[in-house]
Each structure stands twice: as structure tokens, then as C-alpha cells.
Amino acid sequence: MNNFKHKGYIIALLLFTVAFFLSSSPAVTEAARALFQPAESRPVSGELSGETGSGSDTAAPDPNGSGMPQRDPDGVPEGTAATVPVLMYHAFTAGSYAPSDLYVTQARFRQQLQALQSAGYSFVTCKDLQNFVSRGTPLPQNPILLTCDDGYLDNYLYAYPVLQELNARMTIFTVGISIGKDTYRDTSQAINPHFSFAQAAEMSTSGLVEIGSHTYDMHRWPALETGEARHGMEPLSSETKETYLPFAESDLRYMYQQLSLVPGSNRTILAYPQGANHPWAQEAAANCGMTLTCTTQKGTNTLVVGDPNTLLNLNRYTVTDDLTGGKLLQLLTVQ
């Protein structure tokens with residue numbers, strides 16, 4: 001009986017010691033709480049919390065879905081460089097006439113892609129470029145990236161069928177607030193219709209179209225605004241860095257969440273609206289985990305394995321309908 005009491009005293013002492021240790025160590029206390037927290041209520045590692053601060057604790061995960069990019073066992077050595085031209089489209093039409101420089105006819109688009117294929121170019125995605133730089137995953141010979149800004153419905157109606165026909169790939173950066181809409185923001189002002197979430201999902205799951213961010217609501221049109229119109233992601237005249245960063249990061253984080261509704265989307269890529277890559281915009285993009293960004297500046301790009309900065313502010317060639325397949329090849333050769 002005395003021996004049983006002795007063991008009881010020892011157990012009680014141990015429990016008291018553990019309780020004291022836990023209460024005096026916040027880190028251990030949090031770990032213990034997390035251990036016994038129901039699985040369904042635990043935060044998922046790497047997910048965005050929706051906070052608007054500029055800290056990196058709410059940044060998006062890296063493009064490979066892990067804490068640190070894993071080197072490709074068959075990858076190329078660090079420091080290996082690759083030249084990658086990027087083309088920029090906006091809108092398409094089925095007719096024989098392009099109503100503005102933003103439009104390319106379906107026939108011309110087909111001709112341009114066929115010319116690129118015949119010249120030995122290989123269509124890649126932003127994900128391919130991210131994996132090349134972060135993991136050393138080899139790129140195909142003569143890689144070229146096709147991009148399209150805004151997310152218009154005509155991308156789905158006229159460009160997507162050509163991609164299917166030629167087994168070509170393209171990245172479309174879409175404006176979140178306009179997905180599935182034909183009016184501007186919260187007004188009744190008519191705009192070029194945008195494809196829906198269902199259509200984005202269809203294209204994305206085909207493996208031919210990569211969907212990325214063109215911000216949620218930072219692509220404004222001055223003619224449709226009543227006050228000062230924001231130029232892309234540039235700050236307003238009244239904004240300071242302290243007020244701008246929370247606003248911009250909130251927008252990017254919300255767009256990140258919206259893209260989760262599109263299976264297979266790439267939520268870590270961003271095309272700056274109107275190419276406005278103000279230094280504060282670049283900081284906001286970095287804080288929100290954007291590892292590949294595009295501008296509208298003309299020129300090609302040199303990507304380097306192990307140098308993530310070479311994925312930022314990529315140059316792009318604007319493609320218009322007057323560029324025949326031959327002229328497009330000449331443009332790429334001269335540059």
C-alpha cells in the first residue's frame with residue numbers, strides 16, 4: 001500500500017513539472033495546442049490567411065508546392081542560362097478584320113503559331129520556367145512563352161480552339177473581378193465579355209492553358225472611373241507606401257484565393273496590368289509569393305538556374321494582327 005502511494009506521489013510530481021514547463025514556454029504551449037487541435041480546424045501550411053499586412057508569413061507557397069524547391073535529379077547545373085522570348089496577346093476575333101491593335105484574327109493567330117512550330121520553337125508555360133530556375137528542370141529546345149492578358153471570352157472562343165488544333169500552350173493572365181462578366185467592376189458600363197470560371201477550368205484542365213493573375217481589381221480604365229484612375233498597380237497620388245502595400249497585397253491575396261476555384265491554375269504568377277511594375281508593386285508581389293512576373297516592356301529574357309530574380313519583370317513582345325508568321329519570326333531573330 002505504501003509502495004502504491006509512493007508511485008502516486010511520483011506521478012503527481014511529474015504531472016506538476018510538465019504543467020509548469022508548458023505554462024512557462026509559449027512555443028511549447030502552442031505546439032501542444034496544435035497537437036491536440038482537431039485536424040479540420042488546423043491552418044494548412046502555406047495557405048494565404050487573407051491578412052493585408054506586408055509580412056511574408058502569409059505568402060503563397062513556392063511553385064512546386066513545398067517549403068523549399070527540390071532540385072530535379074535530372075536537372076541541369078546551377079548557373080545554366082536559357083534565352084526565352086515571351087509573346088503578349090490580348091483579344092481575338094473570328095473575322096478577317098482586327099478592330100484594333102489589341103485584336104488578332106483567329107486565322108492570323110493560327111498562322112503565327114504554325115510559323116513558330118515550323119521554325120522549331122517549343123511552347124512552354126510559366127510553370128516550366130519556374131521549374132527551370134528553381135529546380136534545374138530542363139527546358140525544350142527553343143522555348144517560347146505565349147501569354148495573353150485580361151481573360152476575354154474571345155480567348156476561349158477563338159484562341160483556345162487553335163491551341164487544341166496545334167497542341168500549343170498559352171498562359172492567360174485574367175482580371176479576377178471581371179471573370180464571367182460583361183460590365184465594368186460594379187457598374188453597368190459594358191465591356192468586352194470575359195470568360196467564366198467554368199471556361200477557365202475547362203482550358204486549364206486541358207493542359208494547354210495556364211491561368212494566372214492580372215490582379216483582382218487593380219486594372220482600371222480611366223474613361224470608366226469617376227475619380228482618379230489607378231494606372232495598373234501604380235499608387236495613387238494620395239497614397240503612401242504604408243497605405244498602398246496593405247491595399248495591393250489584399251488584392252493579390254484575394255485573387256490568389258479566387259484562382260483556387262480554377263483547377264490547375266498557377267497562383268504564383270502575375271502580369272502587371274498595363275505593365276506598371278512600380279517598386280511598391282514589386283514589393284507587394286514578392287510579399288504575396290509571386291515568383292514570376294511580367295511587364296509590357298519589349299525584349300527577350302535570359303533565365304538562369306538558381307537565380308530567382310531572372311523570373312521577375314519578364315519582357316514581352318506585343319503581337320498584333322499585322323505580324324505575319326514570317327514577320328514574327330523576323331522580329332524574334334532580330335532581337
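This text walks through some charged side-chain pairs, and then one further residue, in a predicted model.

Side chains of opposite charge can pair when their charged atoms come close. In this structure there are 10 salt bridges. Three of them are described below, with the position of each partner along the chain.

The pair to start with is Arg316 and Asp149. Their side chains meet in a salt bridge, with a distance of 2.8 Å from N to O. The two residues belong to distant parts of the chain, 167 residues apart. Asp149 sits in strand S6, which covers residues 143–150. Arg316 lies in a loop, the one between strand S11 (301–304) and strand S12 (317–318). Are these two residues buried or exposed? Both Arg316 and Asp149 are buried.

The next pair is Glu225 and Arg185. These residues form a salt bridge in which the closest N and O atoms are 3.1 Å apart. Buried means under 20% relative accessible area. Glu225 has a relative accessible area of 18%, so it is buried. Arg185 has a relative accessibility of 19%, so it counts as buried as well.

Lys241 forms a salt bridge with Glu283, and the closest N and O atoms are 2.8 Å apart. Because Lys241 lies in helix H7 and Glu283 in helix H8 (residues 279–287), the pair ties together parts that are 42 residues apart in sequence. Lys241 counts as partly exposed, at 29% relative accessibility. Glu283 is also partly exposed, with a relative accessible area of 29%.

Salt bridges can also share partners. One network of this kind joins Arg185, Asp217, Arg220 and Glu225. Two of its members, Arg185 and Glu225, are the partners in the salt bridge with the 3.1 Å distance.

The last stop is Gln106. This residue is found in helix H3, which spans residues 106–118. Gln106 has a relative accessible area of 19%, so it is buried. Which residues is Gln106 in contact with, leaving aside its neighbours within four places in sequence? They are Thr93, Ala94, Leu157, Tyr158, Pro161 and Val162.

Key: Residues are numbered from 1 along each chain as its sequence is written. This is a predicted model: local features need pLDDT of at least 70, side-chain atom pairs count only at pLDDT 80 or more; totals for chains, interfaces and linings use all residues. Side-chain values use heavy atoms; hydrogens and water are left out. A salt bridge is a side-chain nitrogen of Lys or Arg within 4 Å of a carboxyl oxygen of Asp or Glu. Helices (H or I, at least four residues) and strands (E, at least two) are DSSP runs, numbered from the N terminus. Buried means under 20% relative accessible area, exposed over 50%, partly exposed in between (1.4 Å probe, protein chains only). Contact means heavy atoms within 4.5 Å.
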